[in-house]
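Please keep the sequence and the 3D view at hand while reading.

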Amino acid sequence: MPPFRSLLPAAAVALGLAAALAAAPPAAAQIREGLYAVQGQNPDGSGYEGQFALQPGPGAAWLAAWQVAGARIVGLGVIQGGVLAVSFVVDGRPGVAAFEVEPNGQLRGIWSTGGGLGTEMLTPR
């Protein structure tokens, strides 16, 4: 038997491993603390812009704050499985928002205060 035949099984395993690694998805982006630019759409279709801040809070919670159209909205959130969920109160109405992290670090989300769904894109600054 020629000497290279004993290397064939190892070469096949190495090629298979290389192919598997090349096909693996890239590492997921992480939701991070900091400032974000806000671009959103209200349930009625009107748009808005502003700023969003995310920082660690008590325990495993996160503190969220929006500054939109002269209003400051604060909330409390949790991060689980690449999703940020935040509860908040605006104009006396409770609301909830959920954001999923995009590969580029942006957070794409939906929100509601019970009157339809709004959407938001949060871009890290």
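A residue counts as buried when its relative accessible area is under 20%, as exposed when that area is over 50%, and as partly exposed in between. Glu102 has a relative accessibility of 23%, so Glu102 is classed as partly exposed. The model discussed here is a predicted one.

Glu102 has a charged partner. Its salt bridge is with Arg108, and the closest N and O atoms of the two are 3.2 Å apart. Arg108 is also partly exposed, because its relative accessible area is 47%. A search of the whole structure finds one salt bridge.

Now for the chain as a whole. The protein chain contains one helix and eight strands, and read from the N terminus the order is α-β-β-β-β-β-β-β-β. Of its 125 residues, 28% are buried. The chain exposes about 7900 Å², and 63% of this area comes from carbon and sulfur atoms. Among the contacts with a separation of 6 or more, 28% involve residues 24 or more positions apart.

The largest nonpolar core has 21 residues, and the members that touch the most others are Phe52, Leu54, Trp66, Leu84 and Leu107. Two or more residues of this core come from each of strand 1 (34-41), strand 2 (47-56), strand 3 (62-68), strand 5 (83-90), strand 6 (93-101) and strand 7 (107-112). What does Leu107 touch, not counting residues up to four places away in sequence? Its contacts are Ile31, Tyr36, Leu84, Phe99, Glu100, Val101, Glu120, Met121 and Leu122.

Aromatic rings come next. The structure has four aromatic pairs, and ring pairs join Tyr36, Phe52, Trp66, Phe88 and Phe99 into a cluster.

Last, consider Arg93, which lies in strand 6. The C-alpha atoms of Arg93 and Ser112 are separated by 9.9 Å, with the two residues 19 apart along the chain.

Notes: Residues numbered from 1 in each chain as written. Predicted model: local features only at pLDDT ≥ 70, side-chain atom pairs only at ≥ 80, totals over all residues. Heavy atoms only, no water. Phe/Tyr/Trp six-rings, centres within 6.5 Å; stacked < 30°, edge-to-face > 60°. Helix = DSSP H or I, 4+ residues; strand = E, 2+ residues; numbered from the N terminus. Buried < 20%, exposed > 50% of the residue type's maximum accessible area, 1.4 Å probe, protein only. Contact = heavy atoms within 4.5 Å. Areas by Shrake-Rupley, 256 points an atom, 1.4 Å probe, with all protein chains shown as cover. Core = buried A, V, L, I, M, F, W, Y, C linked by side-chain atoms within 4.5 Å. Salt bridge = Lys/Arg side-chain N within 4 Å of Asp/Glu carboxyl O.
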